[in-house]
Amino acid sequence: MSKVYIALQDNDESRYIVEAIEESNPDSTVIHQPAMIRIEREGRLVIERAVVEEKMGRDWDVQELHINLITLGGNVDEDDDQFVLEWKQ
Amino acid sequence: MAAKKLNIKDKYRLLTRDLDWDFSYEDRKQAFPYEEFEGIKITDWNKWEDPFRLTMDSYWKYQAEKEKKLYAIFDAFSQNNGHLNVVDSRYVNALKLFLTGVSPLEYQAYQGFAHVGRQFGGVGARVACQMQSLDELRHVQTQIHAMSHYNKFFDGFQEFSHMHDRVWYLSVPRSFFCDARSAGPFEFMVAIGFSFEYVLTNLLFVPFMSGAAHNGDMATVTFGFSAQSDEARHMTLGLEVIKFLLEQHEDNVPIVQKWIDKWFWRGTRLLTIVAMMMDYMLPNKVMSWKEAWEVYFEEAGGALFKDLARYGIRMPKYAETIEKEKEHISHQAWWTFYTHGHAAGFHTWIPSDKELDWLSAQYPDTFDKYYRPLWELAKEQEAKGERFYTSGLPQLCQTCQIPMLFTEMDNPNQNSMRDSVFEDERYHFCSDGCKDIFDEEPEKYVQSWLPVHQIFQGNCGGPGVEDVLSDYYKMNVGVDNMDIKGSPDEKRWNEWKGIA
């Protein structure tokens with residue numbers, strides 16, 4: 001299985017998103033690089049709106065992810081409640 | 001009663017798909033005249049899926065937010081003399097190359113996506129391409145804006161747009177996009193939307209921008225990551241295009257594979273310049289080109305091609321050559337620029353001893369054996385006051401337009417040269433990849449505007465190289481070019497920093 005990955009700008013908002021990703025995907029790898037945070041996981045990675053909202057303490061629209069997103073790898077599926085990255089092979 | 005908020009999927013359906021109309025009194029084929037000539041078969045545009053489902057209203061909202069953040073940082077950067085925080089004056093030369101070589105590509109991408117955003121028969125693809133077109137326009141504007149600050153303090157930024165259309169090494173990126181834009185709309189999408197955006201721009205906008213941050217350049221990392229936040233959407237569009245074409249008709253598979261072979265090769269050649277920027281032009285190193293290549297091409301691209309294997313798509317042709325090249329190309333390119341430093345619009349230099357050691361450590365199989373001896377020789381020459389500049393003009397590859405600087409990968413002491421004869425004329429290439437591309441469409445590539453040929457034909461002023469540089473390229477000769485040592489840039493930097 002290949003790794004999917006996502007990279008976010010290293011800032012206050014992303015910190016909560018990264019915490020949420022770690023909670024939703026317990027075996028993901030978080031890599032800190034200058035000004036950015038890269039998260040990898042085998043096969044599939046999910047960002048759940050409810051978990052991000054709990055970490056941030058406010059409403060969060062899944063599409064707000066666009067603001068701090070740097071890059072990603074994998075097939076994207078997005079709806080109102082979650083954002084999924086996945087390889088299907 | 002308050003209106004119920006639409007969910008993303010319904011909103012996407014209403015605000016994207018619902019914008020289309022049927023052609024009742026006009027011929028649909030005349031409305032989309034470019035859709036069939038490439039041989040691509042589309043049976044049902046409704047099968048198009050945009051996973052981000054971004055609608056125009058959300059697009060404006062989030063883009064406005066990105067811009068506000070970005071410009072607040074530009075203001076702060078400028079008000080606080082941010083240029084003084086970069087690591088040293090050498091670093092700024094990477095930005096000169098970026099502004100002259102990369103930013104104008106954003107403008108070409110804007111033009112290309114505006115074109116395909118009109119020409120596709122499916123509304124989902126049209127809207128996604130129109131958004132991307134606006135993104136690309138935003139990118140070129142923000143990049144020019146960010147670097148206008150450096151233009152106040154450093155040489156070599158002033159004529160970026162004029163130079164992009166003329167200068168010998170800038171014809172490499174320029175012709176890459178001209179090639180893609182003069183292809184049909186589906187080839188353009190495979191070239192730029194997929195090959196370039198999905199795999200190759202990552203190498204430019206992720207490790208290089210992280211490198212900008214590591215070298216104290218707040219403005220560049222900010223525009224880079226702001227642009228890259230759009231790229232994530234572009235990558236998704238690129239992947240969607242590929243999957244859509246492959247699912248529409250089995251006859252599309254060999255056509256798409258041929259384009260992937262062509263554009264991955266074109267892209268890796270283009271990225272030679274980024275390899276050199278990362279290994280030689282960033283004084284503080286984040287990762288070597290080789291490592292970046294392994295992460296973003298081999299690992300990320302490998303996963304992608306494994307995913308596409310179910311459609312019958314294989315890795316791009318020449319993947320084995322490409323794998324070997326990661327050990328060599330940055331060194332071969334910087335050496336070429338160093339020896340042609342009088343004809344470049346930025347400064348060049350010999351890496352410091354510490355940097356040479358870093359290169360030795362990062363490239364244990366190649367650097368000491370093939371490249372370090374060149375720099376030791378350059379050091380000796382410089383110490384004797386005989387800093388070397390070549391007096392010749394390089395032969396260019398007819399396809400990628402890069403000087404013939406690459407070697408055979410199995411014998412790095414042997415220059416790589418190929419040729420083909422077409423209509424009684426012989427054409428020269430840097431590689432099998434570039435020769436194949438020419439042989440497939442010779443009528444296209446015989447028209448290449450090769451800067452060195454143009455100089456020899458008398459189309460770029462002259463008679464001497466210096467006249468071409470100053471009058472035709474608009475370089476400030478003796479100011480913008482030559483070694484960083486003794487340059488006005490270096491002198492000013494030392495004055496600002498109180499370095500004797």
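Me: What percentage of the contacts in chain A with a separation of 6 or more comes from residues 24 or more positions apart?
Reply: This is a predicted model, in which local features need pLDDT of at least 70, side-chain atom pairs count only at pLDDT 80 or more, and totals for chains, interfaces and linings use all residues. Residues are numbered from 1 along each chain as its sequence is written, while chains are lettered from A and ligands numbered from 1 in the order in which they are written. Two residues are in contact if their C-beta atoms, placed from the backbone, lie within 7 Å. For chain A, the share from residues 24 or more positions apart is 61%.

Me: Which pattern does chain A follow along the sequence?
Reply: Helices (H or I, at least four residues) and strands (E, at least two) are DSSP runs, numbered from the N terminus. Chain A holds 3 helices and 7 strands. Read along the sequence, their pattern is β-α-β-β-β-α-α-β-β-β.

Me: What radius of gyration does chain A have, and why does it agree with a compact globule?
Reply: The radius of gyration is taken over C-alpha atoms, and the globule rule is 2.2 Å times the number of residues to the power 0.38. Because chain A has 89 residues, a compact globule would have a value near 12 Å; the chain agrees, at 12 Å.

Me: Which element of chain B gives the most residues to the side that touches chain A?
Reply: In this interface, 33 residues of chain B are in contact with 26 residues of chain A. The elements of chain B that give two or more residues to that side include α1 (8-15), α3 (56-79) and α11 (218-248). With 10 residues, the one that gives the most is α11(B).

Me: Is P412(B) buried, exposed or partly exposed?
Reply: P412(B) is found in the loop between α18 (367-383) and β1 (418-422) of chain B, where it touches H328(B), Y370(B) and T407(B), not counting residues up to four places away in sequence. A residue is buried if 20 or more other C-beta atoms, placed from the backbone, lie within 10 Å of its own, exposed if 12 or fewer, and partly exposed in between. Because P412(B) has 19 C-beta neighbours inside 10 Å, it counts as partly exposed.

Me: Which residue of β2(B) is the bridge partner of D419(B)?
Reply: Two strands pair if DSSP finds at least two bridges between them. β1(B) and β2 (residues 425-429) of chain B pair in the antiparallel sense over 5 bridges. They form a hairpin with 2 residues between them. The bridge partner of D419(B) is H428(B).
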